[in-house]
Amino acid sequence: MSKHDFNKGAYADVENLKKGKYAIAKYVRRLELLIAFGSSLTIMILFTTNFISKDIYFFSIFDFLRELKDFIFSFNGSVFASSKDFNYILFFSINVFIVIFLYIFIFDVKNKIINLIFNNTIFSFFNMFRYIPNDLNNLKLQVGFIAKLEKYFFKQTVVKNDGYERTKELKIFNDLSFIFGADVFDNVQRLFKNNNDMLDLFYIIEGYLHNSKLYDELLINERDIKEENFQYFQSYILKENQDCVRFSKNAISFFIDKEKKEFSQYINKMFNYNGVSVPQKHFILRIKDITKDKHFHRKVIEKYMSFELYEKLIKNKDIKEHKEKIEEIQYILKKFNNFINATTRKEQLDFFNDKIIFNIFYKFLLTDFSFLTFRLIMSQWLNVPAGTIVTKLKSYDTRMIVEYYKSCSLIEIVAGRNDGSNMSFNSDTYVNLFLTVFYSYLNNSKINTLEKIKYFFNTDERVKPIDENKIKDNIDSFGLLLCVKKFNDELNNKKNEDTENENQKEITNFIK
């Protein structure tokens, strides 16, 4: 590439900017040196009777006080005359001015009078001697020059706008403990990088709901539905002969709470066995994978304390303060190891029926189920991109669940990569366990969670809305189960019709 080529394009812009910054830096250093040299010369000329005197290198506070006393109490003397070789009064006065000037030169002073005086007199004078590149001529000496140069030129702050429409104040999601339930909320918080990231996600969601006008009526506080009437709730209804999409804070909370109870019962069923019922083979394999997983061991430890603290306490053999927690952690890890080496059915059943072991899996599975259910509900109003949620989450497991649940399949486990044996790679064993339980729960429910969400939080115009009285009459007459099933059948038929029509249009266009 020729030399001429470097003078064009992005490369040339970067190089010119670098050269400009070096030039500015040299200019500032030169200016500082000039001020220092000028101040020294001023001292040597103005404050001594001789042009150069050894007295200028010695300073005595007592001589200064004596000069100050003579100046204050004697009106015959002149400020510019001194009995000594060094004029302390003039020295002090001018140096105070130099210090003030340097302070104003460096720091951005928010004062109109100071800005007016210094910018239009002293700094204007210095601007006559400045030297900077032509493309940076807009940078001139002014009040706070050094601070502004540092902030806006050498250390430029780039403010990124991610394009999200955040609400100014949380009115819907102002009580997340109520939304998710107090029993899992602490664990939901731990899924996020920090509390600010968690709140930011809900500012984004509420911002889109409100700014994009994704509902016609907002039901919160006193206007919201009561729990006893939740079974009669639907988001998309006919109100005063007009379509109306409602958003209810209570409905979300009641739905998550009811689904958690059903999911909890299913988890209990999967972990509690007796001599008659035994765990299925594929479930035993999922559990064996996870008990070997070093990442899951760390996940268990972090439920009690930070992993770093645990390692430090174990290394120093100092467990007095956290004895109970550490003993429980070590008990769990020992049970994991015993299950890996279990050879009999009794040993396997002892593991599944252990209350401490059950509580570990129960909390993790219920927390992720609650968060995923919330995400599924919100997708009825707006398509929250998985990436928006993923960037806020600390938990790799939850990030993968949010991204992968639609696939209706498990993640392939590769030995030495994502099986948890190598801490350099993330593990997918817990993700597979959750997906196994989640898919099994959906398949074994009379009405699964996804069907209920489509019914209660419907916003699809393909199913004609009905008024609240009609909804209540239908449920009282036929029962909720039949109403939900009928609604989903109608919705699926409409979707199939639309798909067929789209395919027919494509065929017709292709023939033309």
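**Helix packing**

Mentor: Helix α8 passes helix α15 in a left-handed crossing. Left-handed means the near helix is turned anticlockwise from the far one by less than a right angle. Bear in mind that this is a predicted model, where local features need pLDDT of at least 70, side-chain atom pairs count only at pLDDT 80 or more, and totals for chains, interfaces and linings use all residues. Residues are numbered from 1 along each chain as its sequence is written, and side-chain values use heavy atoms, leaving out hydrogens and water.

Trainee: At what angle do α8 and α15 pack?
Mentor: About 20 degrees, with their axes 13 Å apart. So α8 is roughly parallel to α15 (angles under 35 degrees count as that).

Trainee: Which residues of α8 and α15 meet?
Mentor: Leu-201, Phe-202, Ile-205 and Leu-209 of α8 meet Phe-371, Phe-374 and Met-378 of α15. Contact means heavy atoms within 4.5 Å. That contact has seven nonpolar residues, no polar and no charged.

Trainee: What about α10 and α13, what angle there?
Mentor: α10 (residues 281-291) and α13 (residues 323-340) pack at about 130 degrees, axes 9 Å apart. That makes α10 oblique to α13. The α10 contact residues are Ile-284, Ile-287, Lys-288 and Thr-291. From α13 come Phe-336, Phe-339 and Ile-340.

Trainee: How does that contact divide into nonpolar, polar and charged?
Mentor: Five nonpolar, one polar and one charged.

Trainee: Zooming out, how many helices and strands?
Mentor: The protein has 21 helices and three strands.

Trainee: And how much of the protein is buried?
Mentor: 40% of the 512 residues. Buried means under 20% relative accessible area, with a 1.4 Å probe and protein chains only.

Note on methods:
Axes are lines fitted to C-alpha atoms, for helices over the stretch in contact, and angles run from 0 to 180 degrees between N-to-C directions. Helices (H or I, at least four residues) and strands (E, at least two) are DSSP runs, numbered from the N terminus. Angles under 35 degrees count as roughly parallel, over 145 as roughly antiparallel, 65 to 115 as roughly perpendicular and the rest as oblique. Ala, Val, Leu, Ile, Met, Phe, Trp, Tyr, Cys and Pro count as nonpolar, Asp, Glu, Lys and Arg as charged, and the others, Gly among them, as polar. Buried means under 20% relative accessible area, exposed over 50%, partly exposed in between (1.4 Å probe, protein chains only).
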